[in-house]
Amino acid sequence: GGYAAPPPTGDLVPPLGRSPADAARLVAAAQQLCAAPALRAIPALRAPASLCQPPPPQPLPVAELRPLALAVQAIATLPDSLPAGAALPYLPTAFTVVLRVTHAVATSPPVADPPGAAAAAALREACLSSVATLRRRCAPPADADERLEEASSGLAVAKATLRTSAAASALEVLQATPVASRGLMLRAVLALVEGLPLGGGATAVHTGVAAAAREMVASETQGEAHAALLAFLAAIKEQPDLLHFYLTELLPDVAASVKTGCDRLGAIKLLLLACTLSSAEAAPALFSLTLPLLIHGMSVAADGPPSKVDAELSAVAHAALTALASRSADAFRASVANFSTETRSRMEVAIREEQAKKQRAVAASPGAAVTAAKPKIALKMDFGSFSAKA
């Protein structure tokens with residue numbers, strides 16, 4: 001008649017107890033124990049400040065970085081030791097500690113020495129993985145019978161409310177973080193809203209997240225924003241409504257940064273990923289936005305010798321042009337038909353020069369036969385891989 005604890009999750013063994021109440025008390029005590037490194041490294045956590053008013057930035061002691069990483073992972077994993085309903089009361093505390101630590105890590109000055117830098121990087125990843133763990137704990141179960149049971153018991157509503165509340169709190173922390181230090185917090189918030197359906201209070205959260213991301217895209221931290229958004233868009237590709245929302249909210253600002261931004265290549269990759277993930281109905285509008293920017297990114301002899309960055313951007317633009325033409329020939333033709341005379345002329349010159357360069361390379365190869373060929377459209381790039389490389 002004793003309490004049978006569920007199987008362990010991750011590397012954490014469920015607390016032992018003869019009743020669910022015993023197990024719950026052990027989880028509460030273990031949370032306090034695991035929070036000790038965070039309280040020691042970030043004394044401001046002891047103050048009853050709200051998440052929307054995080055403590056001012058301060059350096060984190062290098063000696064505390066590894067204990068902090070273990071602490072946030074343990075705090076996020078401990079609720080897995082309990083059944084879903086019993087674990088719910090312990091999730092707000094876990095969210096609060098993990099988000100406050102994530103903010104402290106995001107705003108802490110970089111660590112110079114290699115061992116400390118490695119520990120800081122491990123802590124950043126621990127914060128992100130802990131956020132993802134807590135998000136999954138609030139998500140609906142995959143099994144249909146379990147979903148029905150949670151819906152009938154009211155647990156589904158409670159989990160959805162907590163999920164939205166946690167995302168709103170994370171957004172407040174993100175908004176209170178200086179734009180220059182938002183990289184880690186943006187990734188954490190995007191991990192939280194990844195499984196948050198549009199509707200109700202969640203729509204306001206998504207709108208706020210998109211606005212915060214746009215601020216980063218328009219700043220010197222746009223490289224971090226592009227990398228985070230690439231991973232995020234790839235993660236929500238099976239959620240068409242959410243994907244369409246973020247594409248609509250973000251792409252105009254991303255497109256505006258292609259010509260003058262400090263991460264032009266990242267902006268192009270983001271636009272290309274959007275083109276590959278978009279529906280057939282959205283393709284014409286996205287192609288009309290993206291193709292002229294690709295043409296602008298192609299180097300031509302009249303521009304003079306390209307820099308290393310410009311040469312890489314030009315190579316991506318050439319490959320992308322052929323890939324997009326193969327993906328949706330109708331949308332491609334419709335967009336090209338609306339090109340200005342200047343854009344069309346630049347495209348033709350760039351393609352001819354690129355083809356001539358390839359022919360010269362073939363001719364310079366020992367024993368190679370030179371074969372004249374017209375430029376052709378061929379799929380040569382998997383833009384979905386950008387999310388893993390950026």
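In helix H15, the buried residues are Leu313, Ser314, Val316, Ala317, His318, Ala319, Ala320, Leu321, Thr322, Ala323, Leu324 and Ala325. Buried here means under 20% relative accessible area, exposed means over 50%, and partly exposed lies in between (1.4 Å probe, protein chains only). The cover over the buried residues of H15 includes helix H13 (264-277), helix H14 (283-297), helix H16 (329-337) and helix H17 (341-364). Contact is taken as heavy atoms within 4.5 Å. H15 comprises 20 residues, 308-327, and at 1.5 Å a residue should span 28 Å. Its end C-alpha atoms are 29 Å apart, which agrees. The expected span is 1.5 Å times one less than the number of residues in the helix.

The model is predicted: local features need pLDDT of at least 70, side-chain atom pairs count only at pLDDT 80 or more, and totals for chains, interfaces and linings use all residues. Residues are numbered from 1 along each chain as its sequence is written, and side-chain values use heavy atoms, with hydrogens and water left out.

The chain holds 18 helices and zero strands. Both element types are DSSP runs numbered from the N terminus: helices are H or I with at least four residues, strands E with at least two. Of the 390 residues, 45% count as buried. Contacts between residues at least 6 apart in sequence were also examined, and 72% of them join residues at least 24 apart. The accessible surface comes to about 18,800 Å², and 59% of it belongs to carbon and sulfur atoms. Areas were computed by the Shrake-Rupley method with a 1.4 Å probe; for residues, only the protein chains shown count as cover.

In soluble globular proteins, nonpolar side chains tend to be buried together. The largest nonpolar core in this chain has 115 residues. Such a core is a set of buried Ala, Val, Leu, Ile, Met, Phe, Trp, Tyr and Cys residues joined through side-chain atoms within 4.5 Å. Val101, Val193, Leu233, Tyr246 and Leu291 touch the most other members. Helix H5 (residues 91-107) gives the most to this core, with 10 residues. Beyond four places in sequence, Val193 is in contact with Ala167, Val205, His206, Val209, Phe232, Leu242 and Tyr246.

Two of these partners of Val193, Phe232 and Tyr246, also take part in ring pairing. Rings of Phe, Tyr and Trp (its six-membered ring) pair if their centres lie within 6.5 Å; planes under 30 degrees apart are stacked, over 60 edge-to-face, and the rest tilted. The count of aromatic pairs is two. The ring centres of Phe232 and Tyr246 are 4.9 Å apart and the planes stand at 80°, so this pair is edge-to-face. Phe232 belongs to helix H11 (residues 222-235) and Tyr246 to helix H12 (residues 240-256), so the pair ties together parts 14 residues apart in sequence. Phe245 and Tyr246 also pair edge-to-face, at 5.2 Å centre to centre and 80° between planes. The ring pairs link Phe232, Phe245 and Tyr246 into a cluster. Phe232 is buried. Phe245 is buried at 14% relative accessibility, and Tyr246 at 1%.

The 17 residues of H12 should span 24 Å at 1.5 Å a residue, and the end C-alpha atoms are 24 Å apart, which agrees. Buried in H12 are Leu242, Leu243, Phe245, Tyr246, Leu247, Leu250, Leu251, Val254 and Ala255. Their cover includes helix H9 (183-193), helix H10 (201-217), H11, H13 and H14.

Helix H6 (residues 114-138) contains Thr133. Thr133 is buried, with a relative accessible area of 17%. Leaving aside neighbours within four places, Thr133 contacts Ala76 and Asp80. Asp80 sits in the loop between helix H3 (65-77) and helix H4 (84-87). Asp80 is buried as well, at 14%.

Ser278 occupies the loop between H13 and H14. Its relative accessible area is 8%, so Ser278 counts as buried. Beyond four places in sequence, Ser278 touches Ala283, Leu286 and Arg327.
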